[in-house]
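Please look at the sequence and the model first.

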Amino acid sequence: MAFARSGLSRIGGSGVGGTLWMYTSGDSIADTQVASYFDEAADVFLKGDAIFVAKESGTAHLHITYVKSITAGVVAVAAGTTVPHA
């Protein structure tokens, strides 16, 4: 699947490398970690922003990552960590 802007919500933060985002998707963690997955949101992300990725279908989980860099519209995120469904 692909990134869907409708699944992205700003939770809060300063907007200066400290914004927290929630992204809900049916995509796997592996899909959301692919370089360029979040490129469509490059206009709102800043380096250092945190992203909580919630998977809404299949086995539920929460993946926590952050924006490592944005170069020429390409968003790179960290490997992050996953909180599995208990």
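In which strand is the place of Ser 25? Ser 25 belongs to strand E2, where strands are DSSP runs of at least two residues, numbered from the N terminus. The model is predicted, so local features need pLDDT of at least 70 and side-chain atom pairs pLDDT 80 or more, while totals for chains, interfaces and linings use all residues. Residues are numbered from 1 along each chain as its sequence is written, and side-chain values use heavy atoms, without hydrogens and water.

Strand E2 spans residues 20–25 and also holds Tyr 23. The table gives relative accessibility; buried means under 20% relative accessible area (1.4 Å probe, protein chains only).

| Residue | Relative accessibility | Class |
|---|---|---|
| Tyr 23 | 1% | buried |
| Ser 25 | 6% | buried |

Contact here means heavy atoms within 4.5 Å. Beyond four places in sequence, Ser 25 touches Tyr 37, Ala 54, Lys 55 and Glu 56. With the same exclusion, the contacts of Tyr 23 include Tyr 37, Phe 38 and Ala 54. The side chains of Tyr 23 and Tyr 37 also make a polar contact of 3.1 Å, that is, a pair of N or O atoms within 3.5 Å, one able to donate a hydrogen and the other to accept it; residues adjacent in sequence count only if both atoms are side-chain atoms. A side-chain polar atom of Ser 25 lies 2.9 Å from the backbone nitrogen of Asp 27.

Now the hairpin. Strands E4 (residues 61–71) and E5 pair antiparallel over 4 bridges; pairing requires at least two DSSP bridges. Thr 71 has Val 74 as its bridge partner in E5. Between the strands are 2 residues, and Ala 72 takes a positive phi near 50°.

Technical notes:
Buried < 20%, exposed > 50% of the residue type's maximum accessible area, 1.4 Å probe, protein only.
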